[in-house]
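Here is a short report on a protein fold. It takes up strands, core, disulfide and aromatic contacts in turn.

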Amino acid sequence: QLVESGGGLVQTGGSLRLSCAVSGRTLDTYIMAWFRQAPGKVREFVVSDSRGGDSTYSADSVKGRFTIARDNAKNSVYLQMNSLKPEDTAVYYCAAGFAGAPQARPTYAYWGQGTLVTVSS
């Protein structure tokens, strides 16, 4: 089970940190990722992290602004979002998987319920 938190309303240029609490297995079992879905758009890849936490992939739209991090002791994953833009407004989903292309949705077997991030201009 994955439970996200930390969404909310923020102004352009601001920061937010999303959290994803993972239960069922230890965090190092999973490839972890964050996806997002803006209104009227398909769900898109944001950033992913390998099981060991030593390899990350980011979408071009968030490179240099968003960072994924793990806390194995807390079995949690975080998404630090800086320099937020109105186009970052979306529901953000945490996802966990076992193997496959890190940017691909079918890689991930488990999904959270999502948390809404709204960036005002």
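Strand β3 is mostly covered, with 5 of its 7 residues buried. The model is predicted, and every value below is computed from it.

**The sheet around β3**

β3 belongs to an open sheet of 4 strands. The order is β1-β3-β8-β7, and the pairing is antiparallel. The edges are taken by β1 (2-5) and β7. Each has a single partner strand, so one side of each lacks a neighbour in the sheet. On average, neighbouring strands here are turned by 20 degrees against each other, direction ignored.

How many bridges join β1 to β3? There are 4, and the two strands run antiparallel. Leu2 stands opposite Val22 of β3. Val3 has Ala21 in β3 as its bridge partner. On to the next pair: β3 and β8 are joined by 6 bridges and also run antiparallel. In general, strands of a sheet pair through backbone hydrogen bonds.

**The nonpolar core**

The largest nonpolar core has 32 residues. Those with the most contacts inside it are Cys20, Met32, Trp34, Phe66, Leu79, Met81 and Tyr92. Elements that give two or more residues to this core include β3 (16-22), β7 (66-71) and β8 (76-81) from the sheet above. The others are β4 (31-37), β5 (44-49), β9 (90-97) and β11 (115-120). In soluble globular proteins, nonpolar side chains tend to be buried together.

Met81 gives a closer look. Not counting residues up to four places away in sequence, Met81 touches Gly14, Ser15, Leu16, Leu18, Arg65, Phe66, Tyr92 and Val117. Two of these, Phe66 and Tyr92, are also on the list of residues with the most contacts inside the core.

**The disulfide**

The structure holds 1 disulfide. Cys20 and Cys94 form this link, with their sulfur atoms 2.1 Å apart. The angle about the S-S bond is -80 degrees, and the link is left-handed. Cys20 lies in β3 and Cys94 in β9, so the pair ties together parts that are 74 residues apart in sequence. Are the two cysteines buried or exposed? Cys20 is buried, at a relative accessible area of 0%. Cys94 is buried too, at 0%.

**Aromatic pairs**

A search of the whole structure finds 7 aromatic pairs. Two of them are set out here.

| Pair | Centre to centre | Angle between planes | Type |
|---|---|---|---|
| Tyr30 and Phe98 | 5.4 Å | 45 degrees | tilted |
| Phe35 and Tyr108 | 5.5 Å | 75 degrees | edge-to-face |

Tyr30 lies in the loop between β3 and β4, and Phe98 in the loop between β9 and β10 (108-111). The pair therefore ties together parts that are 68 residues apart in sequence. Tyr30 is buried, with a relative accessible area of 4%. Phe98 is partly exposed, with 26%.

Phe35 sits in strand β4 and Tyr108 in strand β10, so this pair links parts 73 residues apart in sequence. Both Phe35 and Tyr108 are buried. They also belong to one aromatic cluster, together with Phe45 and Trp111.

**A buried serine in a loop**

Ser50 lies in the loop between β5 and β6 (56-58). Why does Ser50 count as buried? Its relative accessibility is 17%, and buried means under 20%. Leaving aside neighbours within four places in sequence, Ser50 is in contact with Tyr30, Ser55 and Arg70. Tyr30 thus connects two parts of this account: Tyr30 pairs with Phe98 and contacts Ser50.

Note on methods. Residues are numbered from 1 along each chain as its sequence is written. This is a predicted model: local features need pLDDT of at least 70, side-chain atom pairs count only at pLDDT 80 or more; totals for chains, interfaces and linings use all residues. Side-chain values use heavy atoms; hydrogens and water are left out. A nonpolar core is a set of buried Ala, Val, Leu, Ile, Met, Phe, Trp, Tyr and Cys residues joined through side-chain atoms within 4.5 Å. Buried means under 20% relative accessible area, exposed over 50%, partly exposed in between (1.4 Å probe, protein chains only). Contact means heavy atoms within 4.5 Å. Two strands pair if DSSP finds at least two bridges between them. Axes are lines fitted to C-alpha atoms, for helices over the stretch in contact, and angles run from 0 to 180 degrees between N-to-C directions. A disulfide is a pair of cysteine sulfur atoms within 2.5 Å. Rings of Phe, Tyr and Trp (its six-membered ring) pair if their centres lie within 6.5 Å; planes under 30 degrees apart count as stacked, over 60 as edge-to-face and the rest as tilted.
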